Amino acid sequence: MNAKELCEKSRACLADFTTWVALDSSNLSAGRQLAVKYFIVAVILFFAQLLFGMIAATQFIFPNFLYSWLDFSVNRMVHINAMVVWMLYGFIGCVYWLLEDESGTDIVGLNLGVLAFWVLTGAVTLVVLVYLFIQIGAGNDTTIWLINEGREYIEAPRWADIGIVIVMLIFFYNVVATFSKGKWSGIAGVLTLDLVALAGLYTAGMFYMTNITHDQYWWWWVIHLWVEATWEVLVGVIMAWSLMKLLGVRRQIVTTWLYIEVALMFGSGILGLGHHYFWIGTPEYWLTIGGFFSALEPIPLVAMVVHAMYDAGTHSFKNSNHPAVAWIIAQAFGNFFGAGVWGFMHTLPQINLYTHGTQWSASHGHLAFFGAYATINIAFFYLAIQHWRGDVWMSNGMPNAWRWKWALGLLNAGVLGMTIALLIAGYEQSFIERATEGSTWGGYFSAQNHPSFQSAMVWRWLFGLMTFSGLVLLIWDLLTIGKGETRKTQEIIEH
Ligand code: HEM
Ligand code: HEM
Ligand SMILES: [Fe+2]
């Protein structure tokens, strides 16, 4: 290619990019434009999550890699905090997306919502810069306020915590005021109550206690009760709405399922919290309570799989958006296996005694977070993109369909591969460090230096790379899918 062609090509790419970046507001309501803003930041943070995951995984193999520049502790922190934040961005985006449609009216307090988005995004950027460039503090109040709170998954310093709470209040106001002005529905009711619980629980991770047992006791209220209760319910709501739009499922059916799932989820997930209280210094009765209720937790997840199959079956799969529905199916199975099966494996205290805090937990953590929450967000990105492009055809015979299929395959196979590698490492740790060597310091090192642990870390790296390439392909696909498509989607009628 000569210089002139190159120049023209890059100009064309730039023009394409600018038309893409400029939101085509003729296709999107103001509320949905706000949702898209949230989705864009979610995808950027998803990319950051995996980038820092790759660096942390490299450090498992080459411990000197970036040592004293970007230590493992920092990379791990960015990896998992970016995950929590991108998923929350995704969820907020989903809610803004469905709000006007579900309530039948325009968003109330939209300008405040837009302002909150910029405040939150500014705060997140600042917090990440502090994590990367300041990294650590003196371990006193100033550090808690300005650098890092030191609570795994929700490490944001206190000033940012307070900001997050304010932004959540604005978001909550948008939701409640809009439903109140328009109409309420079963979905709207469950959503609103769930948001109260979700935001309220966040405050349990905001106060500092000198006793580490007390501190962890409350911290788990956020972490466990989020992912095993309020986030699952939020996914139920998003799923219910999406199934109506994508497959034309009857409202009565999704709402009934939603109530059943919520009852089961809260029935088992709230006291299931006890499975994190086995060994942190809490009273012994938690062994029984935690073991019993958390063992019931897979039941609602089975209900969710049955629900998805039922809807697909009774509506003979009239599907208006192939990638979105494929990711919804990935969610039903990922949630069931990652949370239900992988969680159940180590939830009884008799087993957890050996597996606690090994790579077994990381194996479950990866499959559960990806299977339950990354998938549904990705499904929704596809749903949003389709509408954004003007309700274009995204079913059979769509051009470049290989991209979404390969992205789906690489991401799922990559995460599954990592999960298995980590499970092997966790099994080896439980066996050698815990069972054989009785949890001694020496036992820890024997387990870390064992060939099956070390080779598992290499496999995790390789499958991590597969996951990462899947994400790159996914982003490319999201940027281009449906572009230039002139055929309209087939009409899916909500009953
Ligand atoms: C989507 C839902 C779920 C997600 C995202 C999730 C995620 C996680 C994560 C990330 C951890 C590690 C926490 C840490 O850093 O210490 C963890 C721990 C644990 N999870 Fe889950 N989980 C989910 C559902 C479940 C369910 C349904 C069960 C039980 C049936 C379960 C059982 C456990 C247990 C027992 C631990 C403690 C592991 C240990 O002792 O080290 N999880 N979970
Ligand atoms: C490029 C792919 C990925 C790589 C290389 C990677 C690597 C890592 C590493 C090295 C850790 C620290 C483990 C430890 O402290 O022993 C970690 C933790 C974690 N990662 Fe990933 N990760 C990747 C993708 C993901 C994805 C897609 C998710 C979920 C959506 C995820 C969720 C988590 C969670 C929840 C933890 C904390 C686990 C625990 O404490 O038990 N990661 N990851
Ligand atoms: Fe839990």
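Helix H14 (359-388) gives the largest share of the shell around ligand 1, six residues, where helices are DSSP runs of H or I with at least four residues, and strands are runs of E with at least two, numbered from the N terminus. Before I go on, this is a predicted model, in which local features need pLDDT of at least 70 and side-chain atom pairs count only at pLDDT 80 or more, whereas totals for chains, interfaces and linings use all residues. Residues are numbered from 1 along each chain as its sequence is written, while chains are lettered from A and ligands numbered from 1 in the order in which they are written.

Staying with ligand 1, 22 residues surround this ligand, and the closest are Ala-339, Gly-343, Gly-365, Ala-368 and Ala-372; a residue counts as near when its C-beta atom, placed from the backbone, lies within 6 Å of the molecule. Two or more residues of this shell come from each of helix H8 (212-247), helix H12 (322-345) and H14. By class, the shell around ligand 1 holds seven nonpolar, twelve polar and three charged residues, with Ala, Val, Leu, Ile, Met, Phe, Trp, Tyr, Cys and Pro counted as nonpolar, Asp, Glu, Lys and Arg as charged, and the others, Gly among them, as polar.

Now to ligand 2. Which residues come nearest to ligand 2? Of the 21 residues around ligand 2, they are Gly-53, Ala-56, Ala-57, Gly-365 and Gly-464. The elements with two or more residues in this shell are helix H2 (30-61), helix H3 (72-103), H14 and helix H17 (451-480), and here too H14 provides the largest share, with seven residues. The shell around ligand 2 divides into 13 nonpolar, seven polar and one charged residues.

The shell around ligand 1 takes at least three residues from each of domain 2 and domain 3, whereas the shell around ligand 2 takes at least three from each of domain 1 and domain 3.

Finally, the chain overall. The protein chain has 17 helices and zero strands. Its radius of gyration, taken over C-alpha atoms, is 23 Å, close to the 23 Å that the globule rule gives for 495 residues, so the chain is as compact as a globular protein of that length; the rule is 2.2 Å times the number of residues to the power 0.38. Along the principal axes, the C-alpha atoms fill a box of roughly 65 × 60 × 45 Å.

Note on methods:
Domains from an automatic or database assignment.
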